[in-house]
Structure formats: C-alpha cells, structure tokens
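This report describes a protein chain and the two ligands placed in it. The sequence and the structure come first, and the notes follow.

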Amino acid sequence: MRLLVTGGAGFIGANFVHLVCSDHPDTTVTVLDSLTYAGNRQSLQPVLNKIDFVHGDIADLDLVDELVSGVDAVVHFAAESHNDNSLADPWPFLQTNIVGTYSLLQAVRRYNVRYHHISTDEVYGDLELGDPDRFTEYTPYNPSSPYSATKASSDMLVRAWTRSFGVQATISNCSNNYGPYQHVEKFIPRQITNVIDGQRPRLYGAGHNVRDWIHVEDHNRAVWEILQRGRIGQTYLIGADGELDNKTVVGMILEEFGRSADDFDFVTDRAGHDLRYAIDSTLLRTELGWTPRFESFRDGLRQTIQWYRDNESWWRPHKAVTERGYAEKGEQAI
Ligand code: NAD
Ligand code: TDX
C-alpha cells in the first residue's frame with residue numbers, strides 16, 4: 001500500500017509513521033507536513049531513509065492533488081492542535097483544520113482514494129464530573145473551543161463528502177494521547193519538563209478537570225486497524241478507559257521524580273475549560289478486536305518520563321519559547 005500521512009512530523013503522526021515502518025514495512029509512506037512550530041523533522045530522523053518527506057501545506061490544492069494522485073490511502077493527522085492557542089488566535093485553526101481538510105477531501109474524491117480522518121473526542125463537548133456517562137459514536141456534537149469547533153467542522157465535511165460524493169472515508173475520535181515526541185506545550189510533557197528543570201508543575205483552575213488518557217501507540221494501532229478493516233462511512237471512538245483528573249496526573253509525575261505530590265502551582269484557568277472527557281470504545285473493541293496494550297497508565301507515564309529524560313536535545317529548543325508564550329497569554333499563579 002502507498003500511504004500519504006499528513007502531519008507526520010507532529011506528535012501522533014510521527015509515532016504513526018514509526019509504527020508503520022516497523023510493523024508494516026511493505027507500506028510506502030509519504031509524509032506531507034508544513035513544519036509549523038509543532039512539527040519537527042527530527043521526530044522522523046530514525047525513519048527518514050525509509051519514507052518520502054514533502055514540506056508543504058495541506059491547504060495547497062495543487063500539491064495535495066499531485067500527492068494524492070499517487071497513493072492508495074491518506075491518513076490525515078495534520079492540524080492546529082492546541083486549545084490554548086486557538087483561544088489566543090483562532091484563524092490558523094480555521095485555515096488548517098477546515099480548509100486543509102477540504103483540500104484533501106477534494107483530492108481523494110477525484111482519485112477515489114481511501115481516506116482516514118483523525119479527530120478528537122472534544123467535538124462532543126464535555127461531561128459532568130462524576131457522571132457515569134461516556135461519549136459514544138452517537139453523542140451529539142457540542143464543541144466548546146475554537147479548536148474543537150474546527151475539528152467538528154472538519155468531521156462534518158468528511159461526513160458530507162462521504163454521503164454526497166461517495167468518498168471512501170472513516171473517522172476516528174480519540175481521547176487525550178501521551179507518549180514520546182509530544183510538544184512541550186501540552187499538559188504531560190510541560191509538567192515533566194518543568195520538573196526536570198526544577199520548576200513546579202502548573203495546574204489550570206482547581207486541577208479537577210478529567211481527561212481520558214491513552215498511550216499514543218494504542219491510538220495508532222487502532223488507526224491502522226480502522227484503515228485496514230473499518231466500515232466505510234463509520235466513525236470509531238478510540239479510548240483506553242484512562243480517566244484521571246489533572247491533579248492526580250501531576251501528583252504521579254512529581255512522585256516519579258521523588259518530589260512531593262503537592263509541589264505544584266495553581267494557575268489561571270483556561271477560558272471555557274472542558275470539565276471531563278470519557279470514551280466508550282465498545283464498537284472498536286467488538287467490531288475490530290482492538291484492545292490497548294498499555295494497561296497501566298503509571299507504566300506508560302514512567303516510560304514517557306524516561307523518554308523526556310533521554311531526549312532533552314529534542315525538546316530543549318522549544319521549552320523557553322513555549323513558557324514565554326504562556327506568560328504572554330497572561331498565565332499567572334493563583
Ligand atoms: P501536533 O500539533 O503535535 O502535530 C500537528 C502536525 O501537523 C505538525 O507536524 C504540524 O507541522 C502539521 N501541520 C499543521 N498545519 C499544517 C498544514 N497546514 N499543512 C501541513 N501540515 C500541517 O498534533 P497531534 O497532537 O499530533 O495531533 C494530530 C491529530 O490528532 C490532530 O488532528 C488532532 O486534532 C488529533 N488528536 C490529537 C489528540 C491529542 O491528544 N494530541 C487527541 C485526539 C485527536
Ligand atoms: O499547563 C497546563 N496545565 C493544565 O492544567 C496545561 C498545558 C494543561 N492543563 C490542563 C488542561 C486540560 O484539562 O490539562 C488538561 C490537558 O490539557 P492539554 O494537554 O492542553 O489537552 P486538551 O486541551 O485536553 O486537548 C488534547 O486532547 C484532545 C489535545 O491537545 C487535543 O489536540 C486533542 O484533540
């Protein structure tokens with residue numbers, strides 16, 4: 001199979017390319033990535049001799065048309081992905097997440113190429129704390145942030161192109177990922193690298209917001225299964241029953257470094273901060289037989305901490321500028 005992977009220099013996309021190169025070496029991979037602040041060619045260093053890397057924008061209709069004409073399938077990871085940035089400046093989110101998806105859909109429609117769309121559980125909005133409810137494939141869309149609204153919009157485009165034009169598409173909506181190669185702006189890497197630097201982790205609001213954590217490898221193995229055996233037109237939710245509140249996660253990180261679990265600062269809350277996400281992945285498990293391999297979050301977290309300890313040269317150049325960005329957005333200890 002000849003595969004086009006968009007956003008392959010980002011966190012999840014790079015991990016996906018590593019997985020495909022190691023587990024499915026008969027697959028030819030082309031990565032299309034515009035190398036925004038979140039893209040890092042170094043994340044693909046170990047496999048650069050096995051793939052084609054194209055530096056370009058998914059919203060470039062001519063480039064996308066040319067690349068899609070030469071492949072059997074597209075897996076679309078590229079996005080502006082950080083909620084806090086979408087609150088500060090929504091425009092790049094509309095351009096990449098909506099217009100970029102449109103550009104890919106037009107090309108896969110033209111060449112009848114299989115398309116898998118990577119999305120997020122955030123399109124469903126949030127759940128109450130302590131509520132037994134979880135998101136399913138049939139939960140109504142109710143996005144809260146500019147980021148999640150643009151992801152919801154892109155999902156809607158995929159559904160429309162599938163129904164109206166017969167595009168051979170599947171969609172997956174996954175919960176919060178953690179693991180190697182995640183940008184230091186995101187919650188877990190930010191706190192790990194703060195602690196490595198002798199700083200205190202920074203918790204938004206009261207730290208009681210809940211996220212449903214999944215290791216990036218488990219997410220990507222599910223994506224591969226959906227690409228191979230998913231039903232066209234179907235949405236699959238991906239989640240590993242990993243609900244934890246943010247304060248608990250920060251406590252676990254601190255403990256792994258031998259520091260007290262309450263050695264953190266509360267800082268300004270995120271505007272519109274979603275309370276809780278939780279995924280019911282029954283469909284994926286029963287229909288495609290997927291199960292997560294990372295059964296223990298603590299083990300996955302420990303491995304991730306070790307990766308950040310071992311790969312300081314990967315994240316160090318981005319740390320100070322990211323922290324400056326948070327300060328400029330008005331983050332303050334409360
Ligand atoms: P990321 O920000 O780490 O990586 C995004 C990548 O896309 C970067 O390499 C960037 O350079 C590239 N990119 C951005 N704009 C582009 C454009 N216009 N043209 C080409 N490339 C462009 O993001 P991530 O965390 O790896 O997320 C990947 C996908 O998974 C996104 O679609 C996101 O919505 C989705 N998702 C993420 C999570 C999570 O926890 N991180 C959870 C569920 C779904
Ligand atoms: O310093 C922080 N302190 C803090 O308490 C940061 C950066 C975050 N948080 C909180 C906010 C959230 O409740 O931690 C939680 C996780 O935050 P993020 O890492 O920003 O992730 P989230 O907003 O939940 O979105 C993530 O999961 C869904 C990804 O960034 C999205 O791309 C994905 O769609």
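Which elements each supply at least two residues of the shell around ligand 1? They are α1 (11-23), β5 (114-120) and α5 (146-165), where helices (H or I, at least four residues) and strands (E, at least two) are DSSP runs numbered from the N terminus.

## Basis

This is a predicted model, in which local features need pLDDT of at least 70 and side-chain atom pairs count only at pLDDT 80 or more, while totals for chains, interfaces and linings use all residues. Residues are numbered from 1 along each chain as its sequence is written, chains are lettered from A and ligands numbered from 1 in the order in which they are written, and side-chain values use heavy atoms, with hydrogens and water left out.

## Ligand 1

The shell around ligand 1 holds 28 residues, of which Ile12, Asp33, Ser81, Tyr147 and Lys151 come nearest; a residue is near if one of its heavy atoms lies within 4 Å. β5 gives the most, with 3 residues. By class the shell has 12 nonpolar, 13 polar and 3 charged residues (nonpolar: Ala, Val, Leu, Ile, Met, Phe, Trp, Tyr, Cys and Pro; charged: Asp, Glu, Lys and Arg; polar: the others, Gly among them).

Oxygen atoms of ligand 1 lie 3.0 Å from a backbone N or O atom of phenylalanine 11 and 3.0 Å from one of threonine 36. For a polar side-chain atom of lysine 151, the distance to an oxygen atom of ligand 1 is 2.6 Å. Ligand 1 taken alone exposes 830 Å², and the protein buries 96% of that (Shrake-Rupley method, 1.4 Å probe).

## Ligand 2

Around ligand 2 there are 22 residues, with Glu122, Tyr147, Arg190, Arg270 and His273 the closest. The shell divides into 6 nonpolar, 9 polar and 7 charged residues.

A side-chain N or O atom of arginine 211 is 2.7 Å from an oxygen atom of ligand 2. Of the 650 Å² that ligand 2 exposes when taken alone, the protein buries 94%. Two or more residues of this shell come from each of α6 (187-196) and β8 (202-204).

## The chain as a whole

The chain has 11 helices and 13 strands. Its radius of gyration is 19 Å, close to the 20 Å that the globule rule gives for 334 residues, so the chain is as compact as a globular protein of that length (C-alpha atoms; the rule is 2.2 Å times the number of residues to the power 0.38).

Of the 334 residues, 57% count as buried, meaning under 20% relative accessible area with a 1.4 Å probe and protein chains only.

Key:
Polar contact = N/O pair within 3.5 Å; in protein donor to acceptor, adjacent residues only side chain to side chain. Buried < 20%, exposed > 50% of the residue type's maximum accessible area, 1.4 Å probe, protein only.
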